[in-house]
Amino acid sequence: YEFNIAKGLYAGPQLEYRGESLYKVISDGMLESGDVPGSNGFNIMGAGAALLYDTRDNIFQPRSGQFHQLRFLHCASLAGDSYGFQRIHADLRQYIPVYKQHMLVMQLWYQANFGLTPFQQLSLLGGSDVMRGFFEGRYRDLQGLAVQSEYRMPIHRKLGMVWFASAG
């Protein structure tokens, strides 16, 4: 839950529970040995806080404004495993009108995990939000950083084109 504490500024608590298990692993794969944290499943409970600054003119198709989100989560194991980790997440976006219906969007995304983190909870690059063009989870590590930019432009009526580039 996030509460509006000032114009465009929201803050609130975070609570997360995760229980995951693997029903099948590849023979002679990295997970079969059980040495990879999370390869035998896990149960964790996390608590933290979130801070959001949002001045976008539209949450679905923004044309101007900013979206900045910071989150902190502390997770502890529930099943006697030794998993205990903290996560810091930052998503900073700027929407800049350029010319008529043309616009530039810039994003800085960062996520870091500290402590013994199950592999399912690592920072993931790829997917529809961060480093699109790569499958989500193609790259995963304790820390992830991505810088992205896109240029949106109309072609005809509701048809448009987006040029994008990212590095992570």
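I started at strand 9, residues 143-156, in this predicted model. Strand 9 pairs with strand 10 in the antiparallel sense, over nine bridges.

I found an open sheet of eight strands, with antiparallel pairing and the order 1-2-3-4-5-6-9-10. The edges are strand 1 (3-6) and strand 10 (159-167). Each has a single partner strand, so one side of each is left without a neighbour in the sheet.

I noted a volume of about 530 Å³ for the largest pocket. It is lined by 23 residues, and Arg71, His89, Trp109, Gln111 and Glu136 are the closest to its centre. Strand 2 (9-20), strand 4 (65-77), strand 5 (84-99) and strand 6 each give two or more residues to the lining. I saw that strand 5 supplies the largest share, four residues.

Gln111 sits in strand 6, residues 102-116. Is Gln111 buried or exposed? I get 9% relative accessibility; buried means under 20%, so Gln111 counts as buried.

What does the side chain of Gln111 make a polar contact with? I found the side chain of His89, at 3.0 Å. I then listed contacts of Gln111, leaving aside neighbours within four places in sequence. They are Arg87, Ile88, His89, Gln121, Leu122, Ser123, Leu142, Gln143 and Gly144.

Conventions:
Residues are numbered from 1 along each chain as its sequence is written. This is a predicted model: local features need pLDDT of at least 70, side-chain atom pairs count only at pLDDT 80 or more; totals for chains, interfaces and linings use all residues. Side-chain values use heavy atoms; hydrogens and water are left out. Two strands pair if DSSP finds at least two bridges between them. Buried means under 20% relative accessible area, exposed over 50%, partly exposed in between (1.4 Å probe, protein chains only). A polar contact is a pair of N or O atoms within 3.5 Å; within protein, one must be able to donate a hydrogen and the other to accept it, and residues adjacent in sequence count only if both atoms are side-chain atoms. Contact means heavy atoms within 4.5 Å. On a 1 Å grid over the protein atoms alone, a cavity is a set of points where a 1.4 Å probe fits but cannot get out, and a pocket is an open set with protein on both sides within 12 Å along at least five of seven lines; lining residues have an atom within 4 Å of a point. Grid points are joined across faces, edges and corners, and a volume is the space filled by probe spheres set on the points.
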